[in-house]
Amino acid sequence: NGCCVHLTAGVPAEAIRAYACMHGMAENVMGSHGAGPLERLMIGSVAMDVAEHSTLPVTLAKADCRVGEFPAHWVDWLVPIDGSDNALRALEYLVGHLIHFAEKPQLQLLNVQPGHACPKSQIDGEAVCADAIALLNAEKVPFSLHIKVGDPVANILETIAKTGCGHVVMGSRGLGLLGGFTLGSVSQAIARRAAVPVTLVK
């Protein structure tokens, strides 16, 4: 595998999207923050613009991420599932990458239910994740299922910390929770606040 450097001019986010489309790229990988104070564009704003409008999956890497220090199969992946086709596509995208791993890492599936914790929350969460669970079982990918209740962003960030996940893969749009949070707003918040790389899949 080779590496090419290309120089271009124009609005950064537009130029990145146009280049990726023109050259048939499969994914954009970008730093989530840049070094452009004052008059220079922050690459953080460029990265979020690309993530918001790109038709390709976009991975936002973090400057202090330590994932590369460990073997790939040591790093757990977190996939939030809300029952939307987009969330399932994100999981399918990840599973497609895992076929290249000699040893498959552990996946952490997370569903966040609205309201307050009750026995029905667990049942509803498992029902929402049924297709995702079936996919992982069929592909023999090891996983753990987490059903949480409350704020999606807070629960995703807490699960990253508690499980030691080194990467998040999630849909950039979803069904939302009872007309409240949409996965789009959640995905943007996670992309900005998570300390680990985040891949957003359309």
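**Figure 1. Helix 3 of the predicted model spans residues 85-98**. Helix 3 has 14 residues and reaches 20 Å from its first C-alpha to its last. That is close to the 20 Å expected at 1.5 Å a residue, where the expected span is 1.5 Å times one less than the number of residues. Helices here are DSSP runs of H or I with at least four residues, strands are runs of E with at least two, and both are numbered from the N terminus. N86, A87, A90, L91, L94, V95 and L98 of helix 3 are buried. Buried means under 20% relative accessible area, exposed over 50%, and partly exposed in between, with a 1.4 Å probe and protein chains only. An α-helix has 3.6 residues a turn, so residues three or four places apart point the same way.

Residues are numbered from 1 along each chain as its sequence is written, and side-chain values use heavy atoms, without hydrogens or water. In this predicted model, local features need pLDDT of at least 70 and side-chain atom pairs count only at pLDDT 80 or more, whereas totals for chains, interfaces and linings use all residues.

Figure 2. Two strands count as paired if DSSP finds at least two bridges between them. Strand 6 (residues 167-171) and strand 7 (residues 198-201) pair in the parallel sense over 4 bridges. Within this pair, G171 has V201 of strand 7 as its bridge partner.

**Figure 3. Strand 4 and its neighbours**. Strand 4 is largely enclosed by the rest of the structure, because 7 of its 7 residues are buried. Both faces are covered. L107, L109, N111 and Q113 are buried on one side; Q108, L110 and V112 are buried on the other. Strand 3 and strand 4 pair in the parallel sense over 4 bridges. P80 has L110 of strand 4 as its bridge partner. From strand 3 the chain crosses through helix 3 to strand 4, and this β-α-β crossover is right-handed. Right-handed means that, with the strands pointing away from the viewer, the path from the first strand over the helix to the second runs clockwise. Strand 4 and strand 5 also pair in the parallel sense, over 7 bridges. Here L107 has F143 of strand 5 as its bridge partner.

**Figure 4. Two loop residues, P114 and K140**. P114 lies in the loop between strand 4 (107-113) and helix 4 (119-128). P114 is partly exposed, at 30% relative accessibility. P114 and D151 are 37 residues apart in sequence and 7.5 Å apart in space, C-alpha to C-alpha. K140 sits in the loop between helix 5 (130-138) and strand 5 (143-149). K140 is not a glycine, yet its phi is positive, at about 55°. Most residues other than glycine have a negative phi. K140 counts as exposed, at 70% relative accessibility.
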